[in-house]
Amino acid sequence: MIFFWKDPVYLRIRKRIHGWIHPYRSLIIGGILMAFISGGVSSGVPILLKELIDKVFAKKDPQLLFVLPLSFFVLFSVKGFTGFFQAYLLKKAALFMISDVRQSLFEHLIRMPLASFGKEGTGHLMSRVTNDTYILQGGVAEIIRDLLRNSFTAVGMLVALLYIDYKLTIFVLLAVPLTLIPIRKIGKKLRMVSRRTQESYGDVNQHLSETLSAIRLIKSVASEEKEIRQFREFSQAYAKSQFRSAKYENLLSPIMESIGALGIGLAVWLGGYSVIHGHLTLGTLVGFLTAAQMLYQPIKGLANSQAGIQQSLAAAERIAEVLERPLEEMNVARSGWTVSRLEKSLEFRNVSFRYPVSSSITLENISLSIPSGDFVAIVGPSGSGKSTLVNLIPLFYHPTEGEILWDGKNLQDADIRSLRNAIGMVTQDVILMNQSVRENLLYGLDRPVSRLELEEATKVANAFGFISSLPDGFETRVGEKGVFLSGGERQRLALARVVLRDPTLLILDEATSALDTESEYAIQKALEVIMKNRTTIVIAHRLSTIRTARKVYVLDKGKIVEEGSHEELMRTDGGRYQKFLNLSLGLAPDPGENSPKRSE
Ligand SMILES: Nc1ncnc2c1ncn2[C@@H]1O[C@H](COP(=O)(O)OP(=O)(O)O)[C@@H](O)[C@H]1O
Ligand SMILES: [Mg+2]
């Protein structure tokens, strides 16, 4: 609708839109003022024309013959330049306003809890930050400009028409209400199509980002053709959507033109009749028809800005949807208790957990207590919930039931930033930034680190050797996600990162799985140093690691089924622990299990 302020979507996100506009209100008001002048001045044109014909030619007034052309020049200059300033001011407001929107989108995305990612792809989220803001920006600048200029011009022309001949004006206006019907109908269609188009672009973007990040997999199974076909489908669907949008967009023009011609036709017929019978001067008729013609121009423009309005509303709605999603609690002004060194124990008390998307329960009634400084291992078949269990500690996910106590205090009310600073986590797939080794090691640290300390840390993690042999040493870039390094090298960098962060709680989730026996031995030595004076939880399959743990928890289908030291558990004949060891170490193949576990 032209009357977008009555639109339910607009009404719903009005507050947010006003918040976006507020800092730029003076620019926008300046733009409106310019539009007002530009539109007002336009209405002088038909009036001048009427005077020119009636007074100059009919009455042969030489003085006016000089004044009138000069007035034309002045009028058009003022109209042109105010038009320029209007565009200039509004464009500036739109560009910087949308930059703000883009920033708050990014800020919001990055502060959302881990649990809100993964359902809808990265590419879809990216398209909201890039494409939707782009559409909104184009819309805001152009719509406000056209909407204002056309509205003011239309009003100006109306005044001119009434001034020239109010009776004829009524005839021309008879056609105007007719135009509202197609504008309304097509406007509604346009928004639906626009939304679909933007979602469609999200699909294109999603496919692109997904395939590019999975390029190794695609190459290794030679599925290029399939991905190309799939992309073609998304791309075609996007084009179809855009095309449908363009169809409705352009359909308005001929409809408006026909209706406009109808109004003008009426005026010609009636006005011409009056001129012939001497009730009307020729100048009046020419001036009038010019004004009528100039009135339909902006009305047509108003109809055309429908497309922009609808696209922008759809984009604003999609942006608002992201901004409405809940943030991770540390960033909502909520000050919890600060997590410091673990002094007594970390305790799980009757913790159960279910992933929001999952129908079955992942962890069931977990109770365990880890004294500070202790070293425990968690073992169990893959999918038994080991990673999920340790991911609850930094509150990546919140327990569905029960509580996790840090020195007796519920983590639920902890300040998440301090909690995460207290924990060092090394997982199977180490994520590195496409920066230098040094930058990766220091990432997230907010204290100065000397060269010596950096080297010491990498020596502890057994990474110094390979870093030194890289072409630029510590300054070598590691490639996207660290692709220039081997899995073992990435893991040793992650360990060095942990050494630098000096966390009180160390969590290793299959951290040495990507290592060969030789580097595993080196890492084992490194870990012994790193684990000193820390509480450590290790998820492992290797007997050498598990053996040194003071206590082992055996997890199966989300439940702790056995616990005790390695020796104690080995004494339980036919127990789950023994079965697990046999399976994972390949000591005795289990006939029921045909896929051998990776020997980690
Ligand atoms: N982000 C997630 N969303 C939904 N389900 C998940 C998610 N991560 C893991 N799961 C499910 O939870 C179960 C336990 O997974 P996980 O804790 O990774 O097991 P483990 O580390 O023992 O191999 C699995 O059945 C897995 O499918
Ligand atoms: Mg796991």
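Me: Why is the contact of arginine 12 with glutamate 324 called a salt bridge?
Reply: A salt bridge needs a side-chain nitrogen of Lys or Arg within 4 Å of a carboxyl oxygen of Asp or Glu. Here the N to O distance is 3.7 Å, so the pair passes that cut-off. The two residues sit 312 residues apart: arginine 12 is in helix α1 (residues 8-21), while glutamate 324 is in the loop between α10 (282-323) and β1 (345-353). By the way, this is a predicted model, where local features need pLDDT of at least 70, side-chain atom pairs count only at 80 or more, and totals for chains, interfaces and linings use all residues. Residues are numbered from 1 along each chain as written, chains are lettered from A and ligands numbered from 1 in written order, and side-chain values use heavy atoms, without hydrogens or water.

Me: What makes arginine 12 count as buried, partly exposed or exposed?
Reply: Buried means under 20% relative accessible area, exposed means over 50%, and partly exposed is in between (1.4 Å probe, protein chains only). Arginine 12 comes out at 46%, so it's partly exposed. Glutamate 324, at 42%, is partly exposed too.

Me: How do you know that glutamate 107 and arginine 111 lie about one turn of the helix apart?
Reply: They're 4 residues apart, both in helix α4 (residues 62-111). Helices are DSSP runs of H or I with at least four residues, strands are runs of E with at least two, and both are numbered from the N terminus. The side chains of glutamate 107 and arginine 111 also meet in a salt bridge, at 3.4 Å.

Me: What kind of pair do the rings of phenylalanine 36 and phenylalanine 152 make, and why?
Reply: Rings of Phe, Tyr and Trp (its six-membered ring) pair if their centres lie within 6.5 Å; planes under 30 degrees apart are stacked, over 60 edge-to-face, and the rest tilted. A search of the whole structure turns up 9 aromatic pairs. For phenylalanine 36 and phenylalanine 152, the centres are 5.2 Å apart and the planes at 85 degrees, so the pair is edge-to-face. Phenylalanine 36 is in helix α2 (residues 25-42) and phenylalanine 152 in helix α5 (residues 122-164), so the pair ties together parts 116 residues apart in sequence.

Me: Is phenylalanine 36 exposed or buried, and how do you know?
Reply: Phenylalanine 36 has 52% relative accessibility, so it counts as exposed.

Me: Where is lysine 188, and how accessible is it?
Reply: Lysine 188 is in helix α7 (residues 176-213). With a relative accessible area of 67%, lysine 188 is exposed.
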